[in-house]
Amino acid sequence: MQRENYYILLDLSIDPPENDPDVIETAILQKKAEWSRLRNHPSKGLQVQKFINMIPDIQQVMHDEALRKQEAAAAVEVLEEGKESKISEIDSHIDILMGKGYIAKDDIIRLAEIHGLEQSDIQARIDAKKSGQFNRIDQQINLRMGKGYLTEAELSKIARQNSMEPEEIRNRVRCPIVKDEKDVGDLKIRPLDKSIEKAINDNLKIIGKLSLYDFLGTAENSGLDILQEKAGKKKKDLAASAKKDAVVTASNTLAGHCLTIFKNNDTRIAYDVSLAMAKLAALDSDINVAAANKKIRHEYVDLLIRKAMSFGMDRQEATDYLRDYCLKKKYRIEIKPEKKRMVLIGAATAVVVAVVLIFGVVMFSSIHKKNSLIAEYDLLIKTVDTQTDLEKKIQILEKYIKTHAPGELVTDAGKRVSGLQRDISEDRFNRMLKEADALLKATDYRSALVLYNKELASTTDAGDQKTIKDLIQKTLALSEQKDFEQVTAVSLNGEPDQKMNLFQQYLVDHPNGKNIDKVKGLINEISGEYFIFVNKQMEAFDQSEKWEESYNLCRAYIGIYDNSNADRLKQLMPHYEERIRDEKILTGLIQKADALGTDYASALQVFKDFLMAYPDTTVNEKIQKEIARLNTLLSAQSLEKAAQDMRIHLAKTGGRFVERANGVVVDTRTGLMWEMMDSSITQTSQCLTYDEGKKYIKDLRAGGFTDWRLPTPDELTGIYMIAPVFPSTGAKSYWTSVNFTGYSDGWHVMVDTVSSDDSVHWETVKKDSLECGAVRAVRKP
């Protein structure tokens with residue numbers, strides 16, 4: 001589009017495009033008035049007259065929906081072109097400023113002002129540039145990992161090539177870094193097993209990926225947590241896929257390799273080493289292919305160098321690698337013909353130019369370089385002087401020293417650093433003295449001693465060391481006197497444990513204290529008093545089964561005293577040791593049982609096996625409680641299973657027997673409510689006498705009801721004989737409510753039971769009330 005875009009000319013919204021005719025017409029009128037005022041302007045007059053003449057065309061385009069839509073699209077393109085041009089200019093400025101290795105906050109502010117952008121926009125472009133730079137750095141690092149390590153020289157070279165600090169490069173290296181090749185030793189990391197590497201590469205070929213990083217869609221410098229997360233998600237997605245072809249199978253295998261290899265840094269580095277070796281092997285293969293008749297034609301040389309550079313080498317490294325490999329393989333590299341013709345001419349010309357210019361160039365360069373260095377150093381000193389933070393001043397000077405060759409200026413910078421370090425040391429020392437004085441005034445001698453000792457360990461100044469040692473001795477004397485006064489006061493009216501703790505603390509804090517003999521005498525004086533305290537405490541601990549606390553009290557007393565009381569406590573030690581051991585064993589048994597989850601039978605066996613092996617254990621009672629608890633859980637589990645089985649059978653009765661409440665079944669034919677599970681299932685004993693059966697009825701609360709009763713013979717036979725019948729639980733005989741007293745070798749209570757030998761054919765049978773039976777309770781709604 002040769003003319004100006006109307007959306008841009010009228011300052012209208014482009015995203016989203018302004019489409020309101022009234023807003024557009026208002027914008028045209030405002031611009032018309034503005035242009036009319038500038039008609040006679042000496043520099044803008046011709047331009048605004050051109051705009052005024054365009055108004056009819058502007059109105060025609062902007063009030064036509066189709067033309068306006070085209071104009072909006074064109075405006076987006078114009079802005080994008082301008083944006084790309086602006087970004088290119090910004091990137092150029094960033095590249096210049098990054099040449100010193102970093103971009104300061106002031107640089108960002110200046111760039112934002114120059115380009116009329118927010119500081120965040122400039123920072124975003126810097127981050128993008130750094131990201132691209134880091135990708136190149138990672139390529140360079142990864143290629144050198146082929147041997148399993150990097151040398152300090154290689155790390156420094158990468159830093160120089162990318163105008164960065166060595167530490168920034170070091171933070172991105174995942175393999176060991178050695179000083180030089182001589183220090184490698186056992187640091188060399190082995191690559192992946194060849195069979196595993198081959199399996200990975202075969203599957204990568206199937207899905208068309210270059211590496212496991214490419215497969216996961218992550219950068220090669222991604223953290224292990226990100227790689228594990230990506231691999232886990234990939235594995236999960238593949239498992240949910242219904243499609244099972246070669247690609248899915250290969251992807252599933254690769255996801256498994258990712259989870260294993262990226263589990264820790266060692267296996268991850270082993271893979272990275274294999275990957276780097278594979279890149280070099282591919283390059284070697286290309287060189288071998290190009291070396292027809294052991295000669296590499298000049299046409300192939302640049303292609304091979306470019307491929308090496310794509311792996312992370314610079315041009316010189318790529319050239320050196322190609323040359324060294326060809327020397328090793330005895331390949332000859334053909335020189336370009338034009339180079340052969342020009343080499344002698346170029347050499348002769350170079351000699352002549354060198355003879356004529358060398359003296360002048362050297363002199364000029366020397367003077368210019370010296371002046372530049374002085375100017376740079378003067379600017380640096382001004383920067384240092386503006387800083388109020390001494391540490392910041394040192395950082396600026398040390399960076400200058402590291403990045404410049406030795407000389408007068410570097411020596412001066414070093415002297416300035418030494419002076420600043422002395423200032424920092426003196427300032428820290430004075431602050432320490434002030435803080436310690438405040439602690440001494442508060443009689444907090446212990447904290448003051450901590451400060452003195454910390455400073456003594458860090459200072460190298462002989463004068464400061466002597467001062468601190470003198471202060472320590474004075475403070476120790478003050479602390480000892482204060483602590484002894486406290487010991488004396490507590491010895492008169494303190495509790496036994498308070499006395500002992502204070503006396504022992506004095507011995508620890510003042511091993512050479514002038515009152516140490518007096519304190520030891522006080523300790524001997526309270527031996528009986530302290531023994532009584534220990535006994536009482538042990539009784540309390542034993543009552544609550546805190547065996548370790550009792551054991552520790554014994555040990556503490558025995559460690560202080562060697563008397564008859566100590567001998568008595570020594571006799572108790574084995575008892576407490578056994579208790580502590582058995583409690584730990586019990587904890588282990590409980591953990592083992594809990595790990596079995598709802599397999600209560602196996603959990604029970606854990607405790608039973610231990611009791612069988614150690615019946616006299618001190619935790620027998622606790623184990624019995626665990627067994628009882630598990631038996632209850634096992635019974636509840638069995639009952640629930642039986643209930644589920646019963647529900648399955650009830651569902652097959654065609655709707656005659658329906659569960660209305662938990663554990664209650666209604667016979668829809670008679671309306672009677674029956675207990676779903678009979679006593680043979682719910683009771684630990686399957687056999688109940690008639691009186692026990694009546695008690696079972698009395699205590700029954702199934703479904704929340706309390707009016708359960710024994711059924712009549714007719715009621716019972718009604719559910720077992722009339723199809724569809726009530727599901728059998730295996731009980732052979734049920735008690736009913738019909739009973740009478742008879743005499744046969746004495747008076748007996750006889751009861752009508754409903755019994756069966758095969759759980760199919762039922763009949764009424766009279767039985768003695770003392771015989772065995774089961775109960776199925778009934779109630780009326």
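This is a predicted model: local features need pLDDT of at least 70, side-chain atom pairs count only at pLDDT 80 or more; totals for chains, interfaces and linings use all residues.
Residues are numbered from 1 along each chain as its sequence is written, and side-chain values use heavy atoms, with hydrogens and water left out.

F311 sits in the loop between α15 (298-310) and α16 (315-329). Helices here are DSSP runs of H or I with at least four residues, numbered from the N terminus. Apart from neighbours within four places in sequence, F311 is in contact with Q139, L143, K279 and L283, where contact means heavy atoms within 4.5 Å. Q139 is 172 residues away from F311 along the chain, yet their C-alpha atoms are separated by 6.3 Å.

K279 also belongs to the lining of the largest cavity, together with N142, Y213, E220, D272, L275 and A276. A cavity is a set of points, on a 1 Å grid over the protein atoms alone, where a 1.4 Å probe fits but cannot get out; a pocket is an open set with protein on both sides within 12 Å along at least five of seven lines, and lining residues have an atom within 4 Å of a point. Grid points are joined across faces, edges and corners, and a volume is the space filled by probe spheres set on the points. One cavity of 30 Å³ or more is present, and the volume of the largest cavity is about 40 Å³. Helix α14 (residues 265-290) supplies four residues, the largest share of this lining. By class, the lining of the largest cavity comprises three nonpolar, one polar and three charged residues. Ala, Val, Leu, Ile, Met, Phe, Trp, Tyr, Cys and Pro count as nonpolar, Asp, Glu, Lys and Arg as charged, and the others, Gly among them, as polar.

The second largest pocket has a volume of about 680 Å³. It is lined by 27 residues, of which L210, S211, E220, L275 and K279 are the closest to its centre. Two or more lining residues come from each of α7 (119-144), α10 (194-207), α11 (212-216) and α14. The largest share, six residues, is from α14. This pocket lining contains 11 nonpolar, nine polar and seven charged residues.

Helix α20 (residues 445-458) has 14 residues and reaches 20 Å from its first C-alpha to its last, close to the 20 Å expected at 1.5 Å a residue. The expected span is 1.5 Å times one less than the number of residues. In α20, Y445, A448, L449, L451, Y452 and E455 are buried. They cover an arc of only 160° around the axis, which puts them on the same side of α20; the arc is that of the directions from the helix axis to the C-beta atoms. These buried residues pack against α19 (408-441) and α21 (462-493). On the face of α20 turned away from the buried side are V450, K454 and A457, which are exposed, that is, over 50% relative accessible area.

In α19, the buried residues include V410, L420, F429 and L439. Just after α19, T443 has a positive phi of about 55°.

Methods: Buried means under 20% relative accessible area, exposed over 50%, partly exposed in between (1.4 Å probe, protein chains only).
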